[in-house]
Amino acid sequence: MAFLLNCPNCGARNVYDFRFGGEVLTRPAPDAGNEELTEYLYFKENMDGEQREWWNHSMGCRKWFIATRNTHSNEVLGTHWPDEPVTGTGQ
Amino acid sequence: MRQLLTPNSMWSTHELKDRYDVVIIGAGIHGLSTAYYLAKRGITNVAVLDKGYVGGGASGRNTAIIRANYLTREGIPFFRESLSLYEDLAQELDFNLLFDQSGRLDLGHSESAVYGLRMRTGVNKLLGVDSRMIGPSEIKELVPAIDLRVGKPLPVMGALYQSSAGVIRHDAVVWGYGRGADRQGVEIHPFTDVTGIVRENGSVVGVDVGDRRISADIVMSATAGWSSNIARMVDMKLPLITHPLQAFVTEPLKPFIDRSVSSANLHVYVYQTDRGEVVVGGGVDPYSSYSQRSTLHTLEELAANMLELFPFLRGVNVMRQWAGLCDMSPDYAPIMGEVDGLPGFLLSCGWGTWGFKAGPIGGYTMAELIDTGKTPDLIRPFNLRRFSRGELVNERAAAPAAAVH
Ligand SMILES: Cc1cc2nc3c(=O)[nH]c(=O)nc-3n(C[C@H](O)[C@H](O)[C@H](O)COP(=O)(O)OP(=O)(O)OC[C@H]3O[C@@H](n4cnc5c(N)ncnc54)[C@H](O)[C@@H]3O)c2cc1C
Ligand SMILES: [Zn+2]
């Protein structure tokens with residue numbers, strides 16, 4: 001199902017105006033070993049439910065932000081800038 | 001006639017037992033073909049469990065293109081063997097699968113696309129797949145209805161033609177394997193949701209179905225788009241991202257095209273079924289999702305791309321549009337076999353948008369692995385450990401968007 005995403009800069013837009021950047025992962029330290037880097041590069045939670053994920057408003061302001069979305073229903077629970085704290089769902 | 005009208009006449013219903021030799025999660029083509037070939041090897045104390053109806057996953061939603069014209073030395077022999085099993089499958093399963101080996105064209109609309117197709121043709125030939133490069137005039141002979149786009153952007157410059165490729169009746173394949181497995185003693189349990197995987201001393205020893213505990217020597221997950229959910233039950237992550245893939249069919253038309261035509265540049269593939277409907281598909285949705293609802297956006301996009309190749313289809317009515325889930329692996333290759341450090345557990349996933357054609361060989365080789373305890377050479381490169389070893393298969397070059405099916 002298609003849905004709307006709320007760009008923190010521009011407001012609600014059709015999801016097809018955005019580029020999906022995948023689930024939010026913690027980047028390993030620069031001296032991380034092979035195993036940790038492999039895990040980071042390839043292995044995913046691939047949540048069937050609430051997922052924090054990167055989006056880029058590629059057909060708009062071109063800014064990256066974070067959304068929380070239920071991947072089962074595609075309901076978007078909130079969007080925010082990467083450096084903003086998440087204050088519960090609905091943000 | 002009476003048998004035809006009896007519900008479930010394709011396979012019998014059973015009470016779940018407390019123990020099986022092998023429990024397979026997922027009654028799609030991979031789960032059922034594995035069960036079928038296990039039974040042929042004499043391993044019949046097998047249960048195939050599915051949370052929904054038989055074939056209700058991607059196996060009942062795909063566009064059923066069967067081909068072997070891949071790129072890698074790991075992928076080509078694997079898909080070639082699957083095609084050869086498909087050629088005898090109607091006989092094997094005693095069931096009409098409507099396999100139509102009418103050929104397939106992969107179009108190239110740019111120098112670099114043609115270069116890629118030439119490379120694939122070369123590797124295909126070396127590995128025994130009947131691919132050859134053809135030019136615009138032969139394309140027009142094989143597919144007279146096509147617009148070669150002379151003087152337009154992205155003119156058709158050449159095509160990789162695999163004459164033994166084809167399309168099949170996908171539901172019939174699933175039902176045929178299910179019936180064949182059932183007749184040999186395998187139990188098929190639809191509407192049986194696996195909610196947990198049981199471990200003892202580091203080994204997988206069974207599954208939970210709600211409050212029922214079922215023990216098994218081997219548990220195999222054949223759950224495609226839902227594989228990450230099963231992996232979570234054993235505290236594991238997989239290198240998979242679940243994306244919906246959509247397709248649509250038009251109203252039935254008089255026959256105008258005999259072969260399936262795919263264009264990676266235009267992100268679309270098109271063929272006509274025996275009933276005259278035009279089947280149209282493309283690449284996966286651009287974001288991950290477990291929702292199997294289709295979108296108007298994709299319908300418009302696919303239809304527009306289809307019209308680039310077949311402009312006379314303008315005005316034709318669309319009958320159905322649908323979506324299924326695809327477990328996309330980063331190197332566009334499957335993930336098969338045992339999991340290091342987790343005895344008793346087997347994976348068959350990473351089937352993405354390309355796994356229906358692999359059903360026969362996937363089941364055949366997984367059954368051999370379960371029976372002999374040894375990984376067949378054909379699937380050795382596809383083990384999960386390739387990611388930690390940096391030995392990715394890189395089927396991607398053969399699979400940009402529309403070319404993957
Ligand atoms: C639109 C579309 C077009 C495609 N076109 C092609 C094509 O032309 N050629 C090609 O080769 N491939 C194609 N594919 C890909 C192909 O359909 C799949 O790769 C293949 O069907 C996967 O088969 P499977 O048996 O592994 O999984 P599935 O058929 O998806 O079966 C998995 C099963 O697991 C069950 N399951 C999940 N979780 C649980 C649980 N917890 N407990 C019990 N059961 C569970 C599900 O209900 C499901 O029935 C296409 C896919 C789509 C969606
Ligand atoms: Zn914006």
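What share of the contacts in chain B with a separation of 6 or more comes from residues 24 or more positions apart? I got 77%. A contact here is two residues whose C-beta atoms, placed from the backbone, lie within 7 Å.

Ground rules before I go on. This is a predicted model, so I remember that local features need pLDDT of at least 70 and side-chain atom pairs count only at pLDDT 80 or more, while totals for chains, interfaces and linings use all residues. Residues are numbered from 1 along each chain as its sequence is written, and chains are lettered from A and ligands numbered from 1 in the order in which they are written.

**Chain B overall**

I looked up the elements and found 11 helices and 18 strands in chain B. Helices (H or I, at least four residues) and strands (E, at least two) are DSSP runs, numbered from the N terminus.

Next I checked the radius of gyration, taken over C-alpha atoms, against the globule rule of 2.2 Å times the number of residues to the power 0.38. For 405 residues a compact globule would come out near 22 Å, and chain B has 21 Å, which agrees. The C-alpha trace of chain B spans about 65 × 55 × 40 Å along its principal axes.

I also noted that 55% of the 405 residues of chain B count as buried. Buried means 20 or more other C-beta atoms within 10 Å of the residue's own, exposed means 12 or fewer, and partly exposed is in between, with C-beta atoms placed from the backbone.

**Helix H2 of chain B**

Is H2(B) largely enclosed or left open? It is largely enclosed by the rest of the structure, because 11 of its 12 residues are buried. Among them are Leu32(B), Tyr36(B) and Leu38(B). The cover over the buried residues of H2(B) includes strand E1 (19-25), helix H7 (170-183) and helix H10 (359-372) of chain B.

After H2(B) comes Gly42(B), with a positive phi near 95 degrees.

**Leu299 of chain B**

I found Leu299(B) in helix H9 (residues 296-309) of chain B. Leu299(B) counts as partly exposed because it has 16 C-beta neighbours inside 10 Å. Setting aside neighbours within four places in sequence, I see Leu299(B) in contact with Phe248(B), Ser294(B), Val318(B) and Gln321(B).

**Two positive phi values**

Arg62(A) is not a glycine, yet its phi is positive, about 65 degrees. I placed Arg62(A) in the loop between strand E4 (50-56) and E5 of chain A. Arg62(A) is exposed, with 10 other C-beta atoms within 10 Å.

Asp94(B), also a residue other than glycine, has a positive phi near 55 degrees. Asp94(B) lies in the loop between helix H4 (89-93) and strand E4 (104-108) of chain B.

**Where the chains touch**

How many residues does each chain bring to the contact? I noted 17 residues from chain A and 21 residues from chain B. On the side of chain A that touches chain B, helix H1 (residues 34-42) of chain A gives the largest share, three residues.
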